[in-house]
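Keep the viewer open and turn the model as you read.

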Amino acid sequence: MMGYEAIRLARTLAVEEIVSVHYFEYSSSYYFEGERHDFWEFLYVDKGELDVCAGEAHHRLVQGQIIFHRPGEFHALSANGVTAPNLVVVSFFCGSGAMRFFEGRILQADEAARALLARIIAEAEAAFSTPLNDPQTLRLRRREAPPVGAEQLIGLYLEQLLIGFLRRGETAAPARPASLLRERSQQEFIDHVRRYLEENISRRLTLAEICRDNLVGRSYLQKVFREKTGGGAMEYFGAMKIEAAQRMIREGACNFTEIAALLGYSSIHYFSRHFKKVTGMTPSEYASSVKMLSAKHRAGTG
């Protein structure tokens with residue numbers, strides 16, 4: 001008989017218990033007075049902006065950022081009164097010492113992290129009947145016949161997400177300062193232009209006007225936007241208008257004609273065509289889907 005020996009796999013961290021998994025679409029006036037609890041929680045901003053209190057610290061989080069709250073840490077949050085944020089919130093128990101890395105951290109979620117977050121949400125919807133948009137959830141309810149391994153996959157994806165952040169944190173030393181400075185300069189430029197576009201969301205801007213008002217050449221503007229967003233500046237501006245339209249529809253204060261005018265569209269017909277091109281739905285179809293989601297939430301059904 002051969003002398004084979006098995007090696008127990010080392011586990012940097014293990015997530016055995018999930019408390020909650022949420023995906024929220026809040027209004028621009030949302031406010032949560034705060035709480036503390038004995039488990040970990042993270043909050044990821046999928047759209048918009050959010051003001052977060054974590055202990056004694058106050059932060060403004062933007063799309064793509066994730067913040068971790070350690071067990072026992074008081075935390076509160078509120079929308080900024082302008083932007084209607086979308087959030088992923090996951091809470092869980094993990095006693096590993098490696099979790100100290102996440103204390104007080106605000107991290108940027110890359111493409112791999114966003115994909116894992118999406119898988120966590122998808123498996124939670126499959127595993128639990130509890131609505132993911134119910135902030136009053138105190139205990140998840142299992143579905144009668146969930147897909148095989150759905151709960152286990154939630155744990156595995158969450159562990160993979162955490163390990164990914166740990167690995168990036170270990171290798172975050174500035175090995176190439178010039179590249180990092182260039183990256184920071186480009187990000188600051190993008191942030192500057194994004195603020196300009198937000199301030200002029202009601203206008204029908206041209207590419208020439210964007211270049212003139214931001215003292216930048218057309219080729220550099222397009223190059224940086226393609227590198228950072230995957231498309232040109234005008235495409236980004238158009239998507240920004242549609243995101244604003246979606247928020248306005250959710251908030252319900254304006255009809256479609258008023259929204260089109262507020263966002264600088266020449267007609268309701270052009271607005272509707274652009275909305276469908278970007279989202280795959282007409283404004284009416286989008287409004288119906290949001291109303292249905294809201295009705296489900298009020299009724300407390302999944």
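Let's start with a strand pair: β1 and strand β8 (residues 86–93) run antiparallel and are joined by eight bridges. Strands here are DSSP runs of E with at least two residues, helices are runs of H or I with at least four, and both are numbered from the N terminus. Two strands count as paired if DSSP finds at least two bridges between them. Within this pair, His22 has Val89 in β8 as its bridge partner.

Before going further, a word on what you are looking at. This is a predicted model, in which local features need pLDDT of at least 70 and side-chain atom pairs count only at pLDDT 80 or more, while totals for chains, interfaces and linings use all residues. Residues are numbered from 1 along each chain as its sequence is written, and side-chain values use heavy atoms, with hydrogens and water left out.

Now zoom out to the sheet around that pair. It is an open sheet of five strands, in the order β1-β8-β3-β6-β9, with antiparallel pairing. β1 (17–25) and β9 (106–108) each have a single partner strand, so one side of each is left without a neighbour in the sheet. On average, neighbouring strands of this sheet are turned by 20° against each other, direction ignored. For such angles, axes are lines fitted to C-alpha atoms (for helices, over the stretch in contact), and the values run from 0 to 180 degrees between N-to-C directions.

Helix α1 (residues 111–127) packs on this sheet, where it touches β1, β3 (40–47) and β8, and its direction makes about 105° with that of β1. A contact means heavy atoms within 4.5 Å. Ala115 sits in helix α1.

Strand β4 (residues 49–54) runs antiparallel to strand β7 (residues 75–78), and four bridges join them. Ala54 stands opposite His75 in β7, and Asp51 stands opposite Ser78. Three bridges join β7 to β2, also antiparallel, and there Phe32 has Leu77 in β7 as its bridge partner. In a regular strand the side chains alternate between the two faces of the sheet. In β7, His75 and Leu77 point one way and Ala76 and Ser78 the other, and all are buried.

What about empty space? Rolling a probe the size of a water molecule over the atoms shows where it is left. On a 1 Å grid over the protein atoms alone, a cavity is a set of points where a 1.4 Å probe fits but cannot get out, a pocket is an open set with protein on both sides within 12 Å along at least five of seven lines, and lining residues have an atom within 4 Å of a point. Grid points are joined across faces, edges and corners, and a volume is the space filled by probe spheres set on the points.

The largest pocket holds about 1,800 Å³. Of its 42 lining residues, Val62, Gln63, Gly64, Arg194 and Tyr236 are the closest to the centre. α6 gives the largest share of the lining, 10 residues.

There is one cavity of 30 Å³ or more, and the largest cavity has a volume of about 50 Å³. Helix α6 (residues 233–251) gives the most to its lining too, with four residues. Among the residues lining this cavity are Lys47, Thr83, Glu243 and Arg250.

Stepping back, the chain has nine helices and nine strands, and 40% of its 302 residues count as buried.

Definitions and conventions. Buried < 20%, exposed > 50% of the residue type's maximum accessible area, 1.4 Å probe, protein only.
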